[in-house]
Amino acid sequence: MFDLAIIGNGSISYFCAYYIAKSFPRLKIALFSQKPRESSATEAAGAMHAVFGEVEGDITSSIHERKCYELGLNSRSHWNMFITENNLKRIVTAENTCLYLQKRSSNLENRNYKFASEAAKAASCFRELTNFEIESFFSEATNKPERACELIGEFSFSAPLFLESIESILYNLSNITFFSKCEKVVEKSTNRFDVFIPNGDVIKTTKIICAAGYKSKRILDNIDFQDIFQGVGTALELSNINTAQFNKNSVRSVSRGGSQCGIHLVPRSDSVYLGAGSYAANIDTLPLARTETIRYLIDQSKKDFFGKL
């Protein structure tokens, strides 16, 4: 009998396992982590600690924007502590993020650049780039930005390397037992759950944390909760990028909203992430990339960064 079962193979389930196991070393934890990570949001992510770049409203007047902003900003110290305590500096691929605003941008983009800049200035995390710096940084772009700034401390990291590293840490915690896959959970009674795994065995536990994304609905099929959808993201992974600044700096446009939410260029260990577009779909829908999103990413990256690919 386990005290807790955690289901999922991404950042939410792994951080739950990490902090609970460290805080309660006598707790027996079963961690169900499926391999390979099919449809994994964490592994596919262009992992930016995006706080200021995600601001889409006036944080001084919008309670929602203020709460999201504070949550993100407060988490920065926890991320830095986790990285330092576990000697994981190697997963960090960029220390700061360049946020840019293209010429002839929409009113929404101008508005979001203003709000993001003001939020970063208030936290002393803002540096405006000079025209010379913009010309140098975006030297290959066919459309040079009108304005750009450095969001100080808005770091990025390699998502695959992060998962590999935290998984190794979890394997070494004596109160965590790994299982490969959970097929379903049945609630037997109050604080009594049966977790079924592919070989037919049943793992018993008193508590459940399910962080399996859209698959949670299928896993918890006999437990009543609200309908959920899957978010289908589209991004490209680029290798052999010869422009040095894009191998060591995260770069992003202002948030644009909609399915083509902007351009994010994030260095990974040996490649560069280019994203992102997304749409919501029913959980039974096969997640497929949309052709128009791939075309948008390629065309926009040529204009904004590379000139040609």
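## Lining of the largest pocket

In this predicted model, strand β13 gives the largest share of the lining of the largest pocket, contributing 6 residues. The volume of the largest pocket is about 1,300 Å³. A total of 47 residues line the largest pocket, and the closest to its centre are Glu-38, Ser-39, Ser-40, Ala-41 and Tyr-214.

Five elements are named as giving two or more residues to this lining: the helices α1 (11-23), α2 (41-44) and α7 (216-219), together with the strands β13 (230-238) and β16 (272-281). Sorted by class, the lining of the largest pocket holds 21 nonpolar and 19 polar residues, with 7 charged residues besides.

## The second largest pocket

The second largest pocket has a volume of about 430 Å³. Its lining is made up of 17 residues, of which Ala-45, Gly-46, Ala-47, Met-48 and Ala-50 are the closest to the centre. By class, 10 residues of the lining of the second largest pocket are nonpolar, 5 are polar and 2 are charged.

## The four-stranded sheet

An open sheet of 4 strands runs in the order β8-β2-β1-β12, with parallel pairing. Its edge strands are β8 (176-179) and β12 (208-210), each of which pairs on one side only. From one strand to the next, the twist averages 15 degrees.

In general, the strands of a sheet pair through backbone hydrogen bonds, in either a parallel or an antiparallel manner. Here, strand β2 (residues 29-32) pairs with β8 in the parallel sense over 4 bridges. Within this part of the sheet, Ala-30 stands opposite Thr-177 of β8.

## Residues with positive phi

Ser-124 is not a glycine, yet its phi is positive, at about 55 degrees. The residue is located in the loop between α4 (107-122) and β5 (126-128). With a relative accessible area of 63%, Ser-124 is exposed, because the cut-off for that class is over 50%.

Asn-191, which is likewise not a glycine, has a positive phi of about 60 degrees. Its place is in the loop between β9 (184-189) and β10 (192-196). The relative accessible area of Asn-191 is 34%, so this residue counts as partly exposed, between the limits of 20% and 50%.

## Buried loop residues

Ser-158 is found in the loop between β7 (156-157) and α6 (159-171). Its relative accessibility is 2%, and Ser-158 therefore counts as buried, the limit being under 20%. When neighbours within four places in sequence are left aside, Ser-158 is in contact with Ile-91, Thr-93, Arg-268 and Ser-269.

Ile-241 lies in the loop between β13 and α8 (245-248). This residue has a relative accessible area of 15% and is therefore classed as buried, as the value falls under 20%. The C-alpha atom of Ile-241 is separated by 50 Å from that of Thr-206, although the two residues are 35 residues apart along the chain.

## Points of reference

Notes
Residues are numbered from 1 along each chain as its sequence is written. This is a predicted model: local features need pLDDT of at least 70, side-chain atom pairs count only at pLDDT 80 or more; totals for chains, interfaces and linings use all residues. Side-chain values use heavy atoms; hydrogens and water are left out. On a 1 Å grid over the protein atoms alone, a cavity is a set of points where a 1.4 Å probe fits but cannot get out, and a pocket is an open set with protein on both sides within 12 Å along at least five of seven lines; lining residues have an atom within 4 Å of a point. Grid points are joined across faces, edges and corners, and a volume is the space filled by probe spheres set on the points. Ala, Val, Leu, Ile, Met, Phe, Trp, Tyr, Cys and Pro count as nonpolar, Asp, Glu, Lys and Arg as charged, and the others, Gly among them, as polar. Buried means under 20% relative accessible area, exposed over 50%, partly exposed in between (1.4 Å probe, protein chains only). Contact means heavy atoms within 4.5 Å. Two strands pair if DSSP finds at least two bridges between them. Axes are lines fitted to C-alpha atoms, for helices over the stretch in contact, and angles run from 0 to 180 degrees between N-to-C directions.
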